[in-house]
Amino acid sequence: MSDSRSSKASKQRSIGWWIFRVMAGFELATICLLLLFAATFFGTLEQTQVGLYLTLQKYFDMEALFVIPELNGKIIPLPLPGTFWVCAVLCVNLTLGGLVRIRKGWKTVGVIIAHFSMIFLMVAGAVSQVSKKEGVMHVYQGDRSDYAKSYTEPSIEIYPHDEQGERDKPYVVKSEHFDGLDPDERLTIRLPELPFDLVVSGFRRSSELLQLSRFKEQHKGERVVDGFFLQERPRVQQEEANLTGCYLTVQDKEGNSLQELLLHYNGMPFPTPVTAMVEGKRYEFSLTRWIWPMPFEVELDKTLGEYWPGTQAPSWFQSDITKVEDDLREKYSIVMNKPMRHEGITLYQASWAPPAPGGRPSSGFAIVQNPSDQWPKWSLYIASFGLMLHFGMKLFRFLSSSLPSKKSDA
Amino acid sequence: MYFRRSSLARVFPAARLRPGFRGWGGSLLFSVLAGLLSGCDPGDREATVTGRRDLVLWDRSFPNNLKDQAPEGWRRVPWTQMRYYNYRFGDSEEGEVWVSVIPRQGADAALLNVNRWYNQFRLPEIVTLEDLKQEPMLGVTGYLVEAEGAYHAGMGADPRPETRMLAAAIPISSIIVTIKMIGSPVEVEAQQEAFLDYCRSLEFFEEARIPKPEDE
């Protein structure tokens, strides 16, 4: 009787109820955790072969909807959903199941806090994925700098010239436009404020610039511009070591070609642009890593470092800097694991180079701007508190029930 | 805490598609697959750029802190390790100008370099730089070299007949800055003044140094 009543009730439940049931279900949580385990397992193995940058992009990027693991160049026939989206589903699942649906009371308060901390941790990861900026600032002792340069992300900069013939503020074609751009794809860049547009073609993430007159035997029919050609190089594991290159066509607004150019990033600490004249004005075009202006200047007053004996691995390094922001000058000492923090921007001492003969030592500061920088730490504090509360209460209850009562003693 | 086990069919009763819905669903599935497959084809992309970045010290940094001011008729082409500034000029853009910075190894390093240039034209060597025309450049004395004939650049490059060269060697402390112009005799002749103006325009420019109190 009661069985038929319950089956009648289950038939009457709405689609929304069923969706809620699936999304808040323990089964979904288990599937998500298994998928995360598989992605982490294969990602860790693959990272040793293709490098960290490519693995992070492949498995953990927001744009990775599905991933097919590869090991030693062989495809593992196990398509996995992108980790970002698995975490998003797990986040919804934890919210519905672990916060909304869960039985609420003193007995579960610790678990609710722990669930909340895990949701907070995943939100921190999503915020970091969407809005984190990262770059490096190289400064010689006695020099100053007011920008960071991305380790890996390419950008094309177009400098108009001012009346004195000096570089004016550049137009920037951001890195996102080059994501997944293949050598046989074309990217048209419309520049409404300039008298020309650009077409990027032959974009190569890892390439070498060769002069035809000197490398005739290496030329295999590649396009030659200004006596140079680009040759594809195998992409190395350290993404920052891959030198990007592309061909650029400057064209008028009707699409007629005005100038063919070849751009190549060479890792130099200064721009190495090529130029074109359009309507009697000179413009410079540079392929570089994305340049990030800082809201302050860093003056490197002194830098010291030491290597482990017989190695090139730094054992200790320190930089004494002055942060200059308008008229405000502040002294900081940055050492390993003791960064400088300023309005959401963190400067870590990432590298140090001893002086070359007759030269000066230099420091490399990794600069990160991440609104959720400290959130994982707080989420772990919250998780620790929640679990200690939960297990503390369990222990207390266990001890209370284990102790013989006064009545039974009597 | 969570829901108990449940089968997919029980969770999603709508998953059992009716025949009419199957046809519609098939079309939808086909459209999605077609969309996905068309996304695999290499195609053209387009982006509109209006954003400008503030100028920073990067924009005012130059190779070896050497800043130049090129004439309008010269077009800058890719940089190489040996060519800090690399230009093309002339109607067919076969004329070349480039600036190099080499270490000055020994007191006669500039003379050796000048004689290397003469050797590239199979011309006799000189014994002293004092025989050359001199011009103030980069705050020191620059030595001007001219040559004409078949140019043998070396490094695997084919010889270039009927070529004229204008060059300058500027020895400064531990380096030698060299500027070299190569092209047809007519085109180089037409660029002679521009070449000298260019050599004079070179300056050392280092804005990244921490300004001393007296500089401010």
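Two residues are in contact if their C-beta atoms, placed from the backbone, lie within 7 Å. The views show a predicted model, in which local features need pLDDT of at least 70, side-chain atom pairs count only at pLDDT 80 or more, and totals for chains, interfaces and linings use all residues. Residues are numbered from 1 along each chain as its sequence is written, while chains are lettered from A and ligands numbered from 1 in the order in which they are written.

**View 1. Contacts of Phe285(A)**. Apart from neighbours within four places in sequence, Phe285(A) is in contact with Ile156(A), Ile158(A), Leu248(A), Leu261(A), Leu263(A), Pro273(A), Val274(A) and Ala276(A).

**View 2. The largest nonpolar core**. A nonpolar core is a set of buried Ala, Val, Leu, Ile, Met, Phe, Trp, Tyr and Cys residues joined through C-beta atoms within 7 Å; buried means that 20 or more other C-beta atoms lie within 10 Å of a residue's own, with C-beta atoms placed from the backbone. The largest core has 68 residues, and those touching the most other members are Leu248(A), Leu261(A), Leu263(A), Phe285(A) and Ala169(B). Strand S8 of chain B (residues 160-172) supplies the largest share, six residues. Strands (E, at least two residues) are DSSP runs, numbered from the N terminus.

View 3. Ile189(A) has Ala47(B) in S1(B) as its bridge partner.

**View 4. The contact of chain B with chain A**. Chain B contributes 43 residues and chain A 58 residues. On the side of chain B that touches chain A, S1(B) gives the most, with five residues.

Key: A residue is buried if 20 or more other C-beta atoms lie within 10 Å of its own, exposed if 12 or fewer, and partly exposed in between; C-beta atoms are placed from the backbone. Helices (H or I, at least four residues) and strands (E, at least two) are DSSP runs, numbered from the N terminus. Two strands pair if DSSP finds at least two bridges between them.
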